[in-house]
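Biologist: I'd like to learn how to read salt bridges in a model. Could you walk me through some?

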Amino acid sequence: MKFLKDFAERLEACRKKAKLPQRKTAELLDIGFSTYRRYEKGERIPDLEDAAKMAKLFHVSLDYLAGLEEKS
């Protein structure tokens, strides 16, 4: 599924750009570490609330995370 692959890749890129480890990112998002890791691996799709928290944390749009637009 292209959406899941795009989301996972962009999420990981945003986290690395912010220089945050996965564990700290999960803590900031108030989600479990293993859940966050599965989002980055493309094994799980976040619900809208978690996806919105991610976009806000990384200062990007939901459309960017979903691969619907190129610019963050």
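Modeller: The general idea: a salt bridge is a side-chain nitrogen of Lys or Arg within 4 Å of a carboxyl oxygen of Asp or Glu. Keep in mind that this is a predicted model. In this structure, Lys53 forms a salt bridge with Asp50, with 3.7 Å between the closest N and O atoms.

Biologist: Where do Lys53 and Asp50 lie?

Modeller: Both sit in helix 4 (residues 48-58), three residues apart, which is about one turn of the helix.

Biologist: Are Lys53 and Asp50 buried or partly exposed?

Modeller: The cut-off to know is that buried means under 20% relative accessible area. Asp50 has 11% relative accessibility, so it counts as buried. Lys53, at 27%, is partly exposed.

Biologist: How many salt bridges does the rule give?

Modeller: Six salt bridges. One of the others, going by its own entry, joins the side chains of Lys24 and Glu27 at 3.3 Å, N to O. Those two are three residues apart in helix 2 (residues 22-29), so about one helical turn separates them. Lys24 is partly exposed at 36% relative accessibility, while Glu27 is exposed at 54%.

Biologist: Which parts of the chain does the pair Arg15 and Glu40 link?

Modeller: Arg15 forms a salt bridge with Glu40, and their closest N and O atoms are 2.4 Å apart. That pair links distant parts of the chain: Arg15 is in helix 1 (residues 2-17) and Glu40 in helix 3 (residues 33-41), 25 residues apart. Arg15 counts as buried at 8% relative accessibility, and Glu40 is buried at 8% too.

Methods
Residues are numbered from 1 along each chain as its sequence is written. This is a predicted model: local features need pLDDT of at least 70, side-chain atom pairs count only at pLDDT 80 or more; totals for chains, interfaces and linings use all residues. Side-chain values use heavy atoms; hydrogens and water are left out. Helices (H or I, at least four residues) and strands (E, at least two) are DSSP runs, numbered from the N terminus. Buried means under 20% relative accessible area, exposed over 50%, partly exposed in between (1.4 Å probe, protein chains only).
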